[in-house]
Amino acid sequence: MCYTQSKVAAKTGLNPAVISQYLKGVYNGNIDNVEAAINNFITRITREGGKDKSREVKARFVKTQLSSNCLTLLRNTHLDADIGVIYGNAGLGKSMVLRQYASSYKDVILIEADLGYTTKVLLQELCDSLGVNKRGNIHELTENSITALHDTGWLVLIDEAELLPYRALEAMRRIHDRAGAGVVLAGMPRLLLNLKGRRGEYAQLYSRMGMAIDLDREKARHDRTDFDRILVSLLPTNDDESNIKMLPELADAFYKALKGNYRRLFKLARGVVRASGIGDQGISVALIEEYSSMLIN
């Protein structure tokens, strides 16, 4: 990157006139202070520029068998205007799959719920995403959503759906029934219990569910193959020592430390790759085990 005198002045806190005079050799002030500021600036940009970007670990969508199964459910639910459910423990990639699908199609709304989501908050979020009036009571918000979604072929994705109260889930069931829009609910395993009711009292709601995927069960069927694909996507490609295909013992060490959680794998890979650059020690089984011991189970 090229830095003008004004940019250098902004970065160093020096007056532009001081820098100009210093470069011309006519500055009469404290030259040591000027040179110290400039040297600090040069050191900083050299350090930042010297970071090997190819060794950065970034979590991104990887097409695994598990994610492909989820995408199939999403697509079928979308086309059939059905209600689908994706449930499983944390760290299995639910949110990433939903975001991937939402980014691939324009007629998709993704809502990421949290602990503060009441029925009204959910409906306001839905109305806002649809570009319709989000003021009014629950009945009015429901009607606004139904009118906007009717015969559009849109799909509504709700992540962290286990956090929604029963009334909010029932509102989405009613919107689906009357608008003919697809809905996919994704969340932790207790989502299924919330849909059924502890004593089966939510039969009307649960009976509307179409396809469902138990991520924990599906993961067990394709675990090692999916794991290898995800690990390869996380490790740097410019370092033969970290190439998992060349050193399968590294893959085994990562797999042992995985504990069935892909989010944990990302954190582990990020830490190991970063630590491997210290003293150019490279990635080793010992380093993987050492860093794994520092992660919270």
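Is R178 buried, partly exposed or exposed? With a relative accessible area of 35%, R178 is partly exposed. The legends below describe close-ups of a predicted model. The structure holds 9 salt bridges.

**View A. R178 and E143 join two helices.** The side chains of R178 and E143 meet in a salt bridge, at 2.5 Å from N to O. This pair links distant parts of the chain. R178 sits in helix 8 (residues 166–179), and E143 sits in helix 7 (residues 138–149). The two are 35 residues apart. E143 has a relative accessible area of 23%. The cut-off for buried is under 20%, and exposed starts over 50%, so E143 counts as partly exposed.

**View B. D252 pairs with R224.** Here the salt bridge spans 3.0 Å, N to O, between the side chains of D252 and R224. D252 belongs to helix 12 (residues 248–258) and R224 to helix 11 (residues 215–234), so the pair ties together parts that are 28 residues apart in sequence. Both ends are partly exposed: D252 has a relative accessible area of 43%, and R224 has 29%.

**View C. D128 meets K134.** The side chains of D128 and K134 form a salt bridge, 3.8 Å from N to O. D128 is partly exposed, at 43% relative accessibility. K134 is also partly exposed, at 40%.

**View D. E170, R173 and D177 form a network.** Which residues are linked in a network of salt bridges? They are E170, R173 and D177.

Notes:
Residues are numbered from 1 along each chain as its sequence is written. This is a predicted model: local features need pLDDT of at least 70, side-chain atom pairs count only at pLDDT 80 or more; totals for chains, interfaces and linings use all residues. Side-chain values use heavy atoms; hydrogens and water are left out. A salt bridge is a side-chain nitrogen of Lys or Arg within 4 Å of a carboxyl oxygen of Asp or Glu. Buried means under 20% relative accessible area, exposed over 50%, partly exposed in between (1.4 Å probe, protein chains only). Helices (H or I, at least four residues) and strands (E, at least two) are DSSP runs, numbered from the N terminus.
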